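The points below can be followed alongside the sequence and the 3D view.

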Amino acid sequence: MTETRGDIRLSCQSSEHGVRALLARLMPMLPGWGIPDEDAMTIELVLAETLNNIAEHAFPTEDDAFIAVHLWVVGNQFHVKVRDAGLPMPGLTLPSGTLPNPDVARADLPEGGFGWFLIRSQTDALEYRREGAGNHLSYSIRLSLPAQPKRDYCRESQSNAPI
Amino acid sequence: MELATKQSGGTVTVTVAQNRIDSAAAVTFKDAVKAAAQDAEDRVLLDLGAVDFVDSSGLGAIIAVMKTLPNDIRLDLASLRPPVEKVFRLTRMDSVFRIYPDLATAQADTTE
């Protein structure tokens with residue numbers, strides 16, 4: 001049985017500043033869960049994209065509603081569940097997240113449409129459902145190494161200490 | 001948005017002095033860089049060495065800045081930290097900008 005680690009529930013207000021505050025709270029915890037920097041930056045990006053999307057589209061006129069996040073790690077999977085009571089996803093499905101074409105003239109370059117591409121490209125088991133008056137979004141992010149609690153296998157001792 | 005601007009020849013170097021260009025910062029970033037870049041004659045060099053987070057809104061803001069420049073003025077990027085470089089690579093926007101490892105390399109490159 002693989003141990004669950006870093007099980008935490010956080011919530012933030014449904015605004016860009018709320019999302020920023022949640023990430024500022026979460027990110028310093030990840031090294032303690034044994035998550036490498038490379039994976040932590042993916043987690044921060046995907047959480048920012050999903051939460052800002054909710055703040056902007058599920059709560060277009062409300063900045064003081066709440067978005068609830070549940071995060072935990074099992075083996076090499078970082079799991080995310082997000083709940084909110086905002087507007088439903090249009091068509092009750094997630095956007096396809098097709099990458100906008102970068103090979104176009106400067107004036108035609110896309111300024112948006114990257115968010116769902118980034119989310120889809122970095123997650124597994126991405127699921128959305130509308131239940132009652134709430135949105136439920138879940139996904140996982142594969143860690144490059146199974147997260148390990150930090151252990152001091154070797155530590156420095158004072159050079160003049162008696163052996 | 002904290003920026004430091006330096007003009008040398010036709011190049012305006014804009015150094016971003018804050019660590020996030022995220023959804024909350026994107027609009028002020030765009031307006032501040034646009035204003036700072038006004039005197040550029042052939043090149044704007046955006047120094048992102050202090051920035052350790054860019055999301056899709058921040059990326060969109062950087063692209064929006066480039067789109068407001070006349071076609072003969074380039075927007076080049078320097079000193080991308082790994083999380084920022086990753087966003088450009090994943091979205092293939094690294095093919096749209098000239099990206100330099102540091103400011104010195106960027107300034108030494110005088111190719112058109």
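This is a predicted model: local features need pLDDT of at least 70, side-chain atom pairs count only at pLDDT 80 or more; totals for chains, interfaces and linings use all residues.

Which residue in strand 6 of chain B does Leu45(B) stand opposite?

1. Leu45(B) faces Asp76(B) in strand 6 of chain B. Strand 4 of chain B, residues 43-47, and strand 6, residues 74-78, run parallel and are joined by 5 bridges.

2. Strand 4 of chain B has another parallel partner in strand 2 (residues 11-16), again over 5 bridges. Here Val14(B) has Leu46(B) of strand 4 as its bridge partner.

3. Strand 4 of chain B is mostly covered, with 5 of its 5 residues buried. In a regular strand, side chains alternate between the two faces of the sheet. Arg43(B), Leu45(B) and Asp47(B) lie on one side, Val44(B) and Leu46(B) on the other, and both faces are covered.

4. Chain A has an open sheet of 5 strands with antiparallel pairing, in the order 1-2-3-5-4. Strand 1 (4-13) and strand 4 (124-131) of chain A each have a single partner strand, so each has one side without a neighbour in the sheet. On average, neighbouring strands of this sheet are turned by 10° against each other, direction ignored.

5. Within that sheet, strand 3 (residues 77-84) and strand 5 (residues 134-142) of chain A run antiparallel and are joined by 8 bridges. Gln77(A) is placed opposite Arg142(A) of strand 5.

6. Helix 1 of chain A lies across strand 1 and strand 2 (66-74) of chain A, at about 155° to strand 1. The axis of helix 1 also comes within 9 Å of the axis of helix 2 of chain A, and the two cross at roughly 155°. Angles over 145 degrees count as roughly antiparallel, and helix 1 and helix 2 of chain A are therefore described in that way. The crossing is right-handed.

7. Which residues make the contact between helix 1 and helix 2 of chain A? Helix 1 brings Glu16(A), Gly18(A), Val19(A), Leu22(A) and Leu23(A), while the residues they meet in helix 2 include Leu47(A), Ala48(A) and Leu51(A). By class, this contact has 7 nonpolar, 2 polar and 2 charged residues.

8. The contact between the chains takes 22 residues from chain A and 24 residues from chain B. On the chain A side, helix 1 (16-26), helix 2 (37-58) and helix 3 (115-122) each supply at least two residues. Helix 2 of chain A gives the largest share, 6 residues. The side of chain A that touches chain B divides into 11 nonpolar, 5 polar and 6 charged residues.

Definitions and conventions. Residues are numbered from 1 along each chain as its sequence is written. Chains are lettered from A and ligands numbered from 1 in the order in which they are written. Two residues are in contact if their C-beta atoms, placed from the backbone, lie within 7 Å. Helices (H or I, at least four residues) and strands (E, at least two) are DSSP runs, numbered from the N terminus. Ala, Val, Leu, Ile, Met, Phe, Trp, Tyr, Cys and Pro count as nonpolar, Asp, Glu, Lys and Arg as charged, and the others, Gly among them, as polar. Two strands pair if DSSP finds at least two bridges between them. Axes are lines fitted to C-alpha atoms, for helices over the stretch in contact, and angles run from 0 to 180 degrees between N-to-C directions. Angles under 35 degrees count as roughly parallel, over 145 as roughly antiparallel, 65 to 115 as roughly perpendicular and the rest as oblique. A crossing is left-handed if the near helix is turned anticlockwise from the far one by less than a right angle, and right-handed if clockwise. A residue is buried if 20 or more other C-beta atoms lie within 10 Å of its own, exposed if 12 or fewer, and partly exposed in between; C-beta atoms are placed from the backbone.
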